[in-house]
Amino acid sequence: MKKIVALIVVVLLVNAAKAGFPIGRGKYLIVPSYNLYMAKGYWDANGNYFAYSNNGRFASHYFGLYGGIGIGEKLDFVGNISYVMQRKLETGSSQTNSSLGDASFGLSYLLNTFDYSKFLTVTGSLIVPLYTNDVNKTPFTGFQQVGGEIKFTYSGSNGERYSNTYFDINLGVRQYFSPEGPTQVFGDALLGIPLDEDNKLTFQLAGTKSTSTQTLFNPNNLFLNRQFNYFRLTAGYGRRISQNHQIFFTLFTDVSGRNTGKGGGGAISLVAEL
């Protein structure tokens with residue numbers, strides 16, 4: 001039972017929110033990850049799907065390094081840096097743009113605990129672009145805008161009554177500091193099912209709605225678009241490989257959207273507790 005609870009805590013820490021249960025005073029968490037996203041078509045502003053012409057497809061390779069430091073029993077410093085490679089391919093044509101991506105730095109604070117099995121956390125972060133978009137290099141890496149984010153996380157274990165399943169629910173808003181924004185509202189809900197003391201399955205629903213005064217849509221430069229929305233489904237598997245290390249695999253697919261690519265992909269991440 002104690003090992004099951006420990007697995008739950010780690011999964012809550014490395015979910016997309018990278019939050020849930022405090023890291024602990026003087027402790028560290030490091031999570032390197034790789035994420036692949038591929039799209040062969042896109043949804044327009046009315047939700048109609050169109051395949052890229054000339055056998056076209058879009059691919060994004062994301063390499064991230066997330067870290068957290070326990071400042072106190074309830075307060076953690078968290079941050080993430082990334083390297084991104086975007087590719088737009090067509091028959092006889094290829095465009096590639098690689099660079100550092102957005103970095104984020106912030107504080108995560110435990111607001112409350114409920115029966116020592118459920119936790120409410122708030123995280124505030126500053127988003128800083130580590131790149132400059134070049135009109136001669138497309139697809140773009142991102143918005144190239146400083147931004148801020150605040151996110152609330154409710155997570156915990158359902159106890160023995162539900163075979164020690166666990167959950168992680170996030171709701172937040174992200175604002176980029178430019179006249180055109182965008183403002184993004186996002187949320188996700190994860191259910192985790194331990195198979196035994198070392199293995200677990202996860203299932204997640206996630207969505208984002210981005211609004212902006214700039215409504216133009218360019219399907220060939222997806223990360224330039226500021227007004228869009230999408231809904232995504234994700235399934236994952238995690239395994240403990242040592243006392244302080246775990247590995248996670250996930251697969252995801254976009255199921256609906258507007259002004260965005262229709263794609264899917266997968267991710268792999270390694271969790272190290274120090």
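I begin with Lys88, whose charged end sits over the ring of Tyr52, 4.5 Å from the ring centre. By that I mean that NZ of Lys or CZ of Arg is within 6 Å of the ring centre and within 35 degrees of the ring normal. The charged end of Lys262 is likewise placed over the ring of Tyr49, 5.8 Å from its centre.

A word on the source. This is a predicted model, in which local features need pLDDT of at least 70, side-chain atom pairs count only at pLDDT 80 or more, and totals for chains, interfaces and linings use all residues. Residues are numbered from 1 along each chain as its sequence is written, and side-chain values use heavy atoms, with hydrogens and water left out.

Tyr52 also belongs to one aromatic cluster, together with Tyr42, Phe50 and Phe217. The structure holds 10 aromatic pairs, where rings of Phe, Tyr and Trp (its six-membered ring) pair if their centres lie within 6.5 Å; planes under 30 degrees apart count as stacked, over 60 as edge-to-face and the rest as tilted. One of the pairs, Phe143 with Tyr176, is edge-to-face, at 5.0 Å centre to centre and 75 degrees between the planes. Phe143 lies in the loop between β7 (118-129) and β8 (147-157) and Tyr176 in strand β9 (residues 166-176), so this pair ties together parts 33 residues apart in sequence. Strands (E, at least two residues) are DSSP runs, numbered from the N terminus.

Phe143 is buried at 12% relative accessible area, and Tyr176 is buried at 7%; buried means under 20% (1.4 Å probe, protein chains only).

Note on methods
Helix = DSSP H or I, 4+ residues; strand = E, 2+ residues; numbered from the N terminus. Buried < 20%, exposed > 50% of the residue type's maximum accessible area, 1.4 Å probe, protein only.
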